[in-house]
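Thanks for coming, everyone. Please bring up the entry on your screens, and then we'll go through it together.

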Amino acid sequence: MNTRKRSLRWAAAIMLVLGTGHMFLLALTAWADITGWVDRGIWAAVPLTLADGDAVQTTESLQNKVTFWAGPGCFAVPLILLGSLIWHLAGRGVPVPAGIGWGLVAWCALGGVLLVPSPFFVGMIAGVLVIVAARKNDRPATVSASSTEMRS
């Protein structure tokens, strides 16, 4: 396995572990709220009530919203999808643009600073691995050919 593919696979694995770990921890900590959605219907997760601005929300309503935005509405689902896509592209030998890595690094750095302590900083490692893999792909063929001739 070449180093670019290995870097992308590691980046994808980190993203998959972060995303699925987050969803798993939410399922463990908020199982009663999630099963309550099933009992009351899917719209119970974040009810769309058009109320006056001075209406008081109940604790149960706020807990439902927190559980939704900490679970299916959070970063975990897109992170799992991005990790799966990068794993698939690495297997096919398709390069991932460095911009994806830079975006991931910036997003995880900002999230880590705003929500300390958190595993957001681990996501920066995945972004750096995507950047490194993209740079390995950008080396011109002439440099590789001339270095091969020098060894002979």
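This is a predicted model: local features need pLDDT of at least 70, side-chain atom pairs count only at pLDDT 80 or more; totals for chains, interfaces and linings use all residues.

I'll take the overall fold, then the core, then the aromatic rings.

The secondary structure comes to seven helices and zero strands. Of the 152 residues in the protein, 28% are buried. Now contacts. Take those with a separation of 6 or more: 71% of them join residues 24 or more positions apart.

Next, α1. This helix has 27 residues. From first C-alpha to last, α1 reaches 39 Å, close to the 39 Å expected at 1.5 Å a residue. Which residues of α1 are buried? The list includes R4, S7, L8, R9, A11 and A12. Further along α1, I14, M15, L18, G19 and L26 are buried as well. Note R4 and R9: two arginines on a buried list.

In soluble globular proteins, nonpolar side chains tend to be buried together. Here, the largest nonpolar core has 16 residues. Those with the most contacts inside it are L8, M15, I86, L104, A126 and V130. Which helices each supply at least two residues of this core? They are α1, α4, α5 and α6. The largest share comes from α1, with six residues.

Look at I86 for a moment. Leave aside its neighbours within four places in sequence. I86 is then in contact with L8, A12 and M15, and also with V96, I100 and V130.

Now the rings. The whole structure has four aromatic pairs. One of them is F75 with F120: a tilted pair, 5.3 Å centre to centre, with 40° between the planes. Why does this pair tie together parts that are 45 residues apart in sequence? Because F75 lies in the loop between α3 and α4, while F120 lies in helix α6. On burial, F120 is buried at a relative accessible area of 14%, whereas F75 is partly exposed at 22%.

F120 has another partner, W107. Their ring centres are 5.6 Å apart and the planes are at 90°, so this pair is edge-to-face. W107 lies in helix α5 and F120 in helix α6, so the pair ties together parts 13 residues apart in sequence. W107 is partly exposed, with a relative accessible area of 36%.

How values were computed. Residues are numbered from 1 along each chain as its sequence is written. Side-chain values use heavy atoms; hydrogens and water are left out. A nonpolar core is a set of buried Ala, Val, Leu, Ile, Met, Phe, Trp, Tyr and Cys residues joined through side-chain atoms within 4.5 Å. Buried means under 20% relative accessible area, exposed over 50%, partly exposed in between (1.4 Å probe, protein chains only). Helices (H or I, at least four residues) and strands (E, at least two) are DSSP runs, numbered from the N terminus. Contact means heavy atoms within 4.5 Å. The expected span of a helix is 1.5 Å times one less than its number of residues. Rings of Phe, Tyr and Trp (its six-membered ring) pair if their centres lie within 6.5 Å; planes under 30 degrees apart count as stacked, over 60 as edge-to-face and the rest as tilted.
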